[in-house]
Amino acid sequence: MDSKPLYFGKIVFAVYYKNPFGVVLFMAKVEVTKELIAKVAKNARLNLTDAELERFVPQIKEIIVDSFSKLDEIDAKEEPSFQPVAISNRMRKDEVKKGITQEEALKNASAKLRENGYFKGPKVMK
Amino acid sequence: MVKREETIAFFVEQAKNDFSLVEKNLAGVISEIKNSNMKKLNYIEEFDAADVLRQVAELKKAKYKGKLFGVPVTVKDAICVKGIESKAGSKILKGYKPLFDANVIERARAEGAIILAKTTQDEFGFGTFATHTEKVPKNPFDNERSCGGSSGGAAGFTAFTKNFHVAIGESTGGSIAAPASFCGIVGITPTYGLVSRYGLIDYANSLDKIGAIGKNAEDAALLLEVIAGYDARDSTSLENGFKKEDATIKRLAVIKDFFEGCDEEVKKVVQKKISELRKFYEVEEVSLPLNVKYALAAYYIIATCEASTNLAKLSGLRYGAQGDVGGKHFDEYFSEIRSREFSDEAKRRIILGTFARMSGYRDAYYLKAMRVRTKLINEFNNAFKRYDLLLNPTMPVVAPKFCEIEELTPLQNFAMDLCTVPANLAGLPHISVNAGFINGLPVGLMAIAPHLQERRLYSFAKVME
């Protein structure tokens, strides 16, 4: 059985090997580090404090290693079930319907984040 | 045995001719809300007395008297009610008052229901014990213990009230069955797509199902029939509804693998109940080895992936918690609000889901989980070729104490959903009914039916009762 780890920076990305039946299996083998979790959190627009990182890393590691990675054991060639029941596209007529008014749309915005009938947002350009 | 006089159907029949019964029952429920709030039992998130009085005045004039005429209905916080704060148990949606009713609310109102109050839940439904929120509901059987989650307030109040009332709950991985089991009442989770998700603050789109909670199976079934139906505003809404023909049940099978991780006492109570059922049905054993091994992993990958994308829209603009944008860049502002307002549990799940969708991992986790889900659905469908219903204990334990829950790691927490997750992942309708008690604490038995065979669940639950 030949196996070959692929390295992406510090993260062991995947080990794939040929099993005796000649089928290539992908084994996701992830090293869950503080750096990885901080990077993922940043992608999800979360600033984690050091205390949070210390708390989350072992918890997340346990979930990924002991639970998520269980799926590596099983070979699944089936079509994915993005929904549990069969659904199909449904077309509808392109008709104009009454929506909410501008005033209503602004109702849930705080006074600070509303101006001249518009939502006020943060800067987009750096 | 449930007496006819104890059912909502009986109450509605009487109330149609005597409105004073509606007023009397409502006054009773309202005093229970106040009483439970005073005792800090935390079932109710939001109650607006003026809004309820306005509904009663309208109901008094109503020409059509519907199937839920005058029945007080509480609503899980994640379901939008027009003008009433709806925040799915979170901090980040504090202050959000929807401009519209969810489809289930429209349907309940059309049948004469009084939309009474919002009930407490885990933040966005993230939990098995309703402890991941500010107002943690306490089990009416023992206030030191959990109501179960995430629809904890809904089940807790249903068990607490002595009056006529039903609750609209929601389940992603077991959030109706788990609290129903811990609180000794009935919870029905329908087939995925049977009830419109329009107006539900979503957790995981391919898993979320709005369902019904009641003191008995007939009440829960009545509520489900009112809220179910096609809705063009939900792209996954099913057009044909549940199967109305043939609800006869002959053969049941006990899912033996699901017993393995259960507490010995829980096993005994459930097995005893099942042996009593042999008088009515043929009962055999079945094994679902793939579900017992892989359902939890596939479920938590899919659920966190979908949750992390759903929660991406919550960024402190337009509604809910907001801050001061000042001269901040949008990345900085969004991160600031999200970091401040999401709880630990939400942050963990967002991180897990974002990780499993990241380039390089997407195929190994997210896509793989969706393929495994097909396998797991097939395993259920094969079992349904031979059996009309499948049975298992709803929860592996009785309601734990809050101090016991604190000791669990997040993964041990997830593992509590072992028996409820497979049916939820497969979108299969299921019911939890009380099977007995251990030292005064309720134990639930769960029955799972094939897609759209909700009627089998009602007929089975009536035999159970």
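A residue is called buried here if 20 or more other C-beta atoms lie within 10 Å of its own, exposed if 12 or fewer do, and partly exposed in between, with C-beta atoms placed from the backbone. Helices (H or I, at least four residues) and strands (E, at least two) are DSSP runs, numbered from the N terminus.

A word on the model before going on. This is a predicted model, in which local features need pLDDT of at least 70 and side-chain atom pairs count only at pLDDT 80 or more, while totals for chains, interfaces and linings use all residues. Residues are numbered from 1 along each chain as its sequence is written, and chains are lettered from A and ligands numbered from 1 in the order in which they are written.

Let us start with chain B as a whole. Its secondary structure comes to 16 helices and 11 strands. The radius of gyration, taken over C-alpha atoms, is 21 Å for chain B, close to the 23 Å that the globule rule gives for 465 residues, so chain B is as compact as a globular protein of that length. That rule is 2.2 Å times the number of residues to the power 0.38. Along the principal axes, the C-alpha atoms of chain B fill a box of roughly 75 × 60 × 45 Å. Of its 465 residues, 62% count as buried.

Next come contacts, where two residues count as touching if their C-beta atoms, placed from the backbone, lie within 7 Å. Among contacts in chain B between residues at least 6 apart in sequence, 77% join residues at least 24 apart.

Chain B is divided into domain 1 (4-247 + 394-464) and domain 2 (291-368), with bounds that come from an automatic or database domain assignment. The C-alpha centres of these two domains of chain B lie 26 Å apart. Their contact takes 27 residues from domain 1 of chain B and 22 residues from domain 2 of chain B. On the domain 1 side, helix 14 (410-415) and helix 15 (421-425) of chain B are the elements that give two or more residues.

What lies between the two domains? Picture a nonpolar core, meaning a set of buried Ala, Val, Leu, Ile, Met, Phe, Trp, Tyr and Cys residues joined through C-beta atoms within 7 Å. In the largest such core, with 179 residues, B:V71, B:V73, B:I79, B:I227, B:A298 and B:I301 touch the most other members. Helix 9 (residues 289-310) of chain B gives the most to this core, with 13 residues. Domain 1 and domain 2 of chain B both give residues to this core, so it lies between them. In soluble globular proteins, nonpolar side chains tend to be buried together. Not counting residues up to four places away in sequence, B:A298 touches A:L71, B:A369, B:V372, B:R373, B:L376 and B:L425.

One of those partners belongs to chain A, which brings us to the place where the chains meet. Here 48 residues of chain A are in contact with 63 residues of chain B. Strand 3 (24-28), helix 1 (34-43) and helix 2 (50-66) of chain A are the elements that give two or more residues to the chain A side. Helix 2 of chain A gives the largest share of that side, six residues.

Helix 3 (residues 49-61) of chain B reaches 19 Å from its first C-alpha to its last, close to the 18 Å expected at 1.5 Å a residue, a span worked out as 1.5 Å times one less than the number of residues. Helix 11 (residues 344-357) of chain B, with 14 residues, reaches 20 Å, close to the 20 Å expected.

Finally, visit two single residues. B:G89 sits in the loop between strand 2 (72-76) and helix 4 (103-110) of chain B. B:G89 is buried, with 31 other C-beta atoms within 10 Å. B:N434 is found in strand 10 (residues 430-438) of chain B, and B:N434 is also buried, with 23 other C-beta atoms within 10 Å. Leaving aside neighbours within four places in sequence, B:N434 is in contact with B:G184, B:P442 and B:G444.
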